[in-house]
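Subject: Structure handover

Hello,

Here is the structure for you to look over. My notes follow below.

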Amino acid sequence: MEELPGGAAGSGARLSLVGREAELDQISRLVTAGRTSSRALLLLGEAGTGKTSLLSAAVEVARGLGTDVLISEGCEGETDQSFAALHQLLLSLRADLAGLPPHLREALETAFGVIPATRPTDSMLLRIAVLTLLADVSRRRPLLLIVDDVQFFDRDSLDVLSFVMRRLAAEPVTVLLAARGLTPPEGIVTGLPVLVLGPLDSGAAARLLEVQPQAPTGRARLDVLEQAAGNPLAIIELSRAFRGGTAYGLPGSGLSQTLRIQEMFAAQLRSLPAATQRLVLYAAAASDHTELGIIMKAAGAGADLDLWAPAEDAGLIALAGDRVAFRHPLVRTASYQGAPMHQRQQAHTDLAAALADQPALRAWHLAAAAVGPDESVAAALEESAEAVELRSGFFAAARALERAAEVSPSEADRARRYAKAVRAASNAGDTSWVRELYAKVAALTQDADVLGVAASGASMALCLYGNQREAFHVLSSALESEPPPAPRTALVLASILPAVAIHSGLPEVRLFMAAVEGGLEIVDDSDSPFPELARIETCDALRAVVRASADPVAEAALLLQRTRQADAVDAAAGITDITRLSAIAGIAWLADESDVCVESFRRTYAMLRAYGSIALAATTLAPMTTALIDTGRWSEADEQLAEISTLAVVHNMRALETEATALRVTLQALRGRSADGAAATDLNWNRVDLEENRATQVWLLRAAATAATAAGDFEGAYRHLRQLFDDDSAPLHYFLSPRSVADLATAAHRTGRHQDVAPIVAAVREAVGPDPTTRMTLLLHHAEALVGEAKNTEQHFRLAVVNPAAEQWPLARAQARLHYAQWLRRRRRPLDARALLAAALETFNRLGADGLADEARAELRASGVAMASDTPDPLSALTAQEQQIVRMAARGLSNREIGEQLLLSPRTIGSHLYRVYPKLGVSSRHQLRDFFDDL
């Protein structure tokens, strides 16, 4: 069977289906269940979505289980050959024909041409013969029937197969069918469960591209992802085309054609009438949003829509309203790359003429038609980029600016436009592309302002990619040796230093920030290339971030009071207000004002999603998620982590991806879902250089420690947390390490290492100064209660739990209450402990911290409080499958809906429910909700 994207025949195929993990799991369960009873599933999807790869994986699963596999693939050239597909399916069962009654064996052998037909074959006799053969064989060994490209089956074979599938019931025969398109092909048995394969999501598409040999980088990486539109085959083929040589020019940066694309589509395109081929070429050269009328006008086709009919009939394009849609991304590539260069140039020239009232598109077509430097084309592209950037099209703007630089006759203009492209590409979130562009700027000019513009984009991208030392070198070089004359350029460069400082944790970055901040000027500059600094208030906020990041202890709280003007930012704010609000959120995070931080970041991200600046959002995603976890907004943190993971994978931000994994493991462990410590195995300690990404290292250490604690491995938890401080009690990270002081003290208390950690607690108290934030005050009281002098234990516990402001951090407060109550109970004061334990238990239950809730519940029980959970859970008497069915029924799912998810018949689901009703003491479906608190 031919292999499609995401899988390969043989060992390991199932593990390489990138982005199809859920579908693979469903199919694997179906194949396993099919060893005891009949199962069937129809896979639907456009060409290249991975249907055949999933079928190949199913074959591997089946053979691993000892199931026999029969395979048939529809062939377009055999659709008129009677029983061709059925013969292919049953070919390996020739030896089993001998066990059939003579009349049934004769019917099969006659249909397959093994023996000559002496009389007309009884069609019903043939159907019964196939059904009997499959039933007999399946009684000796389970069977899996793989039926690919059903749309090309001859109708006779399809009729027999449908008949057999309707009558296979108790036999261990599984049938997996696949067909091209989004609706079942004509003639297939009705009522089959259907699994539709759509495009891969952006994260899975990026992961698939990343595993390709010599995967493209820079602009080509996002070009491939954009042009493939989530189609796995397109990703594979376009990546292969890139390896064979890139040919840019097509809007969307079409890549060179490959032999396989030619085999799939070029022959069909060449068979079209010349006028139709011309129209398809002009549609391929146009953007996806170009109106049908404009394409026809440019091609000189008038208004004759009949000219499109041959391409529509061939399934290559579709006309929808006033747009032309290609049925597959590779059709567009094949049409464009298959045309001679002079025809492509003429198409772009004609389209530019037809788009006189759309300057952005016109500029691109002029550029595609250009054969050398042309200032008018470069100026048009630069102007279009500015307009596109205002609409948040950073990737398109960067591409336009890069092309503008390429066609600029002057070196100075070329460098200036490349520098602007660096900024736009950084906002688009493409690190490797940024580095390429920055190198071009540095090779072209020594102009400090131009280099400063480029350095701002390059350093931000390097920071996101985890290259903190290189980012710092770019920034310090631009600010120190020959600072940019333009004040706002210097301010933008300095405003990137806080991101480098936080992510790196390197002391030299903080020292440099402190030195630079004093020399920053805030002046009006209408000619600044930085639209985000159009207002003085934003400039002030960015300068405040620099000061707060350099010295959070002394500056953050005061600076937050001065800069917090969130009420002035509305939903229609532009990039200058978004930048200011992001700065306020960052200062709030450093000032330990977690609620303010969350609310400000929420508004920032809502606006950034509309605006589209990835870079501005990416550097703050991990801090935002930690604030969500700390303030008990765990469901929102889940959503944030999913967004971070997708963003990181798509844009190859390894440090951010590692941080997202660490925070996800932390959250899972807090929920008690890593009781066996397995969650910690998800952590990748070698993805980035941790020495220059200390924030990432802290989050990894905290994740490993939290997972170890959830698994009861307190020694492991202590070992990880102890690495947050060196032998002299100096923090690994100047801001993050101190905020783990209570967790470290807890681990030390559990392992009897009070004396080892007491100096660290003292060092942290000294470092935060005489007026620490409320959060640090509470954490230090909690830590000192656990590892400090015994005579002061209760005083510190009280101070850790009594402050109402502690509700801002519900988990930390509940943990302090739990530890205080444990201390009280062990001093024979159970009555004093009960209120604290009840409050802690309520918080743990509300948050979903199941492991901590169990611990608090056990302490309450030990203090003499009868717990409702002491009553046996009626659900515990059910099997795992029965519990799953009951939960789904309690959620309101019908028997059919439950059956579709569990791959069981509605009748089987009904039987299960009627058997469990007496066990639960209920008589109807609606009473099942009473057994669940989390529906």
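**Salt bridges**

Glutamate 382 and lysine 420 form a salt bridge, with their closest N and O atoms 3.0 Å apart. Glutamate 382 sits in helix α17 (residues 375-390) and lysine 420 in helix α19, so the pair ties together parts that lie 38 residues apart in sequence. Glutamate 382 is buried, at 8% relative accessible area. Lysine 420 is partly exposed, at 23%.

Before you go further, please note that this is a predicted model.

A second pair is formed by aspartate 592 and arginine 775, whose side chains meet in a salt bridge at 3.5 Å, N to O. This pair links distant parts of the chain, 183 residues apart. Aspartate 592 is in the loop between α27 (575-590) and α28 (594-611). Arginine 775 is in helix α37 (residues 774-787). Are these two residues, aspartate 592 and arginine 775, buried or exposed? Both are buried.

Shared partners also matter here.

Aspartate 136 forms a salt bridge with arginine 139, and the closest N and O atoms are 2.8 Å apart. The two are 3 residues apart in helix α5 (residues 123-140), so about one helical turn separates them. Aspartate 136 is partly exposed, with a relative accessible area of 26%. Arginine 139 counts as exposed, because its relative accessibility is 59% and the cut-off is over 50%.

Over the whole structure, the search finds 46 salt bridges.

**Helix α20**

Helix α20 covers residues 431-444, which is 14 residues. From first C-alpha to last it reaches 20 Å, close to the 20 Å expected at 1.5 Å a residue. Which of its residues are buried? They are Thr431, Trp433, Val434, Leu437 and Val441. These residues cover an arc of only 150 degrees around the axis, so they are on the same side of α20. What do the buried residues of α20 pack against? Their partners are α8 (218-228), α18 (394-406), α19 (411-428) and α21 (448-465).

**A hairpin**

Strands β6 (residues 317-320) and β7 (residues 323-326) run antiparallel and are joined by 4 bridges. They form a hairpin with 2 residues between them. Glycine 321 is in the turn, with a positive phi of about 65 degrees. Leucine 319 stands opposite valine 324 in β7.

**Alanine 588**

Alanine 588 lies in helix α27. Its relative accessible area is 0%, so alanine 588 is buried. What does alanine 588 touch, leaving aside neighbours within four places in sequence? Its contacts are Leu560, Glu593, Val596 and Cys597. Leucine 559 is 29 residues from alanine 588 in sequence, and 9.0 Å away in space, C-alpha to C-alpha.

**Confidence**

The chain averages a pLDDT of 83, and 87% of the residues score at least 70. Two stretches need care. Over residues 1-15, pLDDT stays under 50, and the model has 47 contacts beyond four places in sequence for them. Residues 246-260 also stay under 50, with 56 such contacts.

Best wishes

Methods: Residues numbered from 1 in each chain as written. Predicted model: local features only at pLDDT ≥ 70, side-chain atom pairs only at ≥ 80, totals over all residues. Heavy atoms only, no water. Expected span 1.5 Å × (residues − 1). Buried < 20%, exposed > 50% of the residue type's maximum accessible area, 1.4 Å probe, protein only. Arc of directions from axis to C-beta. Contact = heavy atoms within 4.5 Å. pLDDT = per-residue confidence, 0-100. Pairing = 2+ DSSP bridges. Salt bridge = Lys/Arg side-chain N within 4 Å of Asp/Glu carboxyl O.
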